[in-house]
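Subject: Structure handover

Hello,

Here is the structure I said I would pass on. My notes on it follow below.

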Amino acid sequence: MAKLILTHEVTGLGEPGDVVEVKDGYARNYLIPRSLATPWTKGAESQVSAIRKARKAREIASRDDAQAAAESIQSRTYTVNAHAGDSGRLFGAVTSAEIADAVVAAGGPSVDKRKIEIRQPIKSTGEYTVSVRLHPEVSAKIALEVVAG
C-alpha cells in the first residue's frame with residue numbers, strides 16, 4: 001500500500017489535502033502521473049495544511065449558501081454551443097470548463113469546473129444532465145442542451 005497526499009479531488013477517494021493509502025499500482029500508474037497526488041513524506045505534512053487552506057478559500061462557505069446555489073442552478077436549462085457535423089456528432093467533446101462558462105453566461109452562480117462530474121463524454125447534440133458538487137453535502141443537477149453552433 002502506498003501513502004499519498006491528494007492534490008486534486010478524486011471521486012470516491014478524497015479531497016485535496018487528504019492523506020490516503022491506496023494500492024501501489026493505482027498510485028504509480030494513475031494518481032501520480034496525472035498529478036492528482038504526491039507521495040507522502042514527513043516533510044510533506046506542511047503541504048497538507050497549505051492545500052487544505054486553499055481548498056477552504058475556494059469552497060462555498062456554508063451549506064445554506066450551497067443549497068441556494070443548487071436551487072438557482074437547477075431552475076433553468078443551460079445551452080452549450082459546439083461545432084458539430086451534419087449528423088449532430090461533435091468535433092470533440094463538451095468539457096467541464098464549457099459547462100461552467102455556460103452556467104455563468106446564463107446568469108447562474110460561479111461553478112468550479114473541477115467540481116462538475118460528466119458520467120459519459122458528451123459527443124453529440126441533444127439534452128444531457130450532469131452533476132456538480134457545490135459542498136460536501138450538496139450537489140446539483142445541471143440540465144444541459146448541446147446545440148450545433
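In which strand does Glu117 lie? Glu117 belongs to β6. Please keep in mind that the model is predicted.

Glu117 has a relative accessibility of 14%, and it counts as buried because the cut-off for that is under 20%. Its side chain makes a polar contact with the side chain of Thr11, at 3.4 Å. Another polar contact, also listed at 3.4 Å, joins the side chain of Glu117 to that of Arg119. If neighbours within four places in sequence are set aside, the residues in contact with Glu117 are Thr11, Val130, Ser131 and Arg133.

Next, the sheet. Strand β6 is part of an open sheet of 4 strands, in the order β4-β9-β8-β6 and with mixed pairing. The edges are taken by β4 and β6, each of which has a single partner strand, so one side of each has no neighbour in the sheet. Strands β8 and β9 pair in the antiparallel sense, over 9 bridges. Ser131, which is in contact with Glu117, stands opposite Lys141 in β9.

Two helices pack on this sheet. Helix α3, residues 63-74, touches β4, β8 and β9. The direction of α3 makes about 25° with that of β9. Helix α4 touches β4, β6, β8 and β9, and its direction makes about 130° with that of β4.

I looked at α4 in more detail. Which residues of α4 are buried? The helix spans residues 96-105, and Ile99, Ala100, Ala102 and Val103 are buried in it. These residues lie on the same side of α4, because they cover an arc of only 160° around the axis. In general, an α-helix has 3.6 residues a turn, so residues three or four places apart point the same way. Asp101 and Ala105, on the other side of α4, are exposed.

What do the buried residues of α4 pack against? They pack against β4 (77-82), β5 (89-94), β6 (116-117), β8 (126-135) and β9 (138-148). After the helix comes Gly107, which has a positive phi, near 90°.

Regards

Definitions and conventions: Residues numbered from 1 in each chain as written. Predicted model: local features only at pLDDT ≥ 70, side-chain atom pairs only at ≥ 80, totals over all residues. Heavy atoms only, no water. Buried < 20%, exposed > 50% of the residue type's maximum accessible area, 1.4 Å probe, protein only. Arc of directions from axis to C-beta. Contact = heavy atoms within 4.5 Å. Polar contact = N/O pair within 3.5 Å; in protein donor to acceptor, adjacent residues only side chain to side chain. Pairing = 2+ DSSP bridges. Axes fitted to C-alpha atoms, helices over the stretch in contact; angles between N-to-C directions.
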